[in-house]
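Please keep the sequence and the structure in view while reading.

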Amino acid sequence: EWALARALLHAQDAGSYASWIAALERVDRAGGRLTLRAPSRFHAAYIQTHLERRVLAACRDVDENVAEVRVVV
């Protein structure tokens, strides 16, 4: 689901994708929670503060069972 969501996010905003989304890696999926890894604490905090809703929406567009996106370092 993450690969498809990434493609949607790239299509929506290539600049934001290149700066922030491209560096995120899928770590785990447990039920409705998708866990992604960011390269730094700053990167993770930025995603959670500014892009979490957009990332969750793209994931839900691909898989409606995704209820939460968690970003870890």
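## A bent helix against a sheet

The buried residues of α3 pack against α1, α2, β2 and β3, where buried means under 20% relative accessible area with a 1.4 Å probe and protein chains only, and contact means heavy atoms within 4.5 Å. The model is a predicted one, in which local features need pLDDT of at least 70 and side-chain atom pairs count only at pLDDT 80 or more, while totals for chains, interfaces and linings use all residues. Residues are numbered from 1 along each chain as its sequence is written, and side-chain values use heavy atoms, with hydrogens and water left out.

Helices (H or I, at least four residues) and strands (E, at least two) are DSSP runs numbered from the N terminus. The buried residues of α3 are His43, Ala44, Ile47, Leu51, Val55, Ala58 and Cys59. At leucine 51, α3 bends by about 80°, the bend being the angle between axes fitted to the seven residues ending there and the seven starting there. Although α3 has 22 residues, its end C-alpha atoms are only 27 Å apart, short of the 32 Å that a straight helix would reach at 1.5 Å a residue; the expected span is 1.5 Å times one less than the number of residues.

The three strands form an open sheet in the order β1-β2-β3, with mixed pairing, where two strands pair if DSSP finds at least two bridges between them. The edge strands are β1 (25-30) and β3, each of which pairs on one side only. The two pairings are set out below.

| Strand pair | Bridges | Direction |
|---|---|---|
| β1 and β2 | Five bridges | antiparallel |
| β2 and β3 | Five bridges | parallel |

Arginine 37 has valine 72 in β3 as its bridge partner. In the hairpin of β1 and β2, with two residues between the strands, glycine 31 takes a positive phi near 60°.

The largest nonpolar core has 19 residues, and those with the most contacts inside it are Trp2, Ile21, Leu24, Val55 and Cys59; such a core is a set of buried Ala, Val, Leu, Ile, Met, Phe, Trp, Tyr and Cys residues joined through side-chain atoms within 4.5 Å. At least two residues of this core come from each of α1 (2-12), α2 (14-21), β2 (33-37), α3 (41-62) and β3 (68-72), and α3 gives the most, with six residues. Leaving aside neighbours within four places in sequence, leucine 24 is in contact with Trp2, Arg6, Leu36, Arg37, Ala38, His43, Ile47 and Val71.

Notes: Buried means under 20% relative accessible area, exposed over 50%, partly exposed in between (1.4 Å probe, protein chains only).
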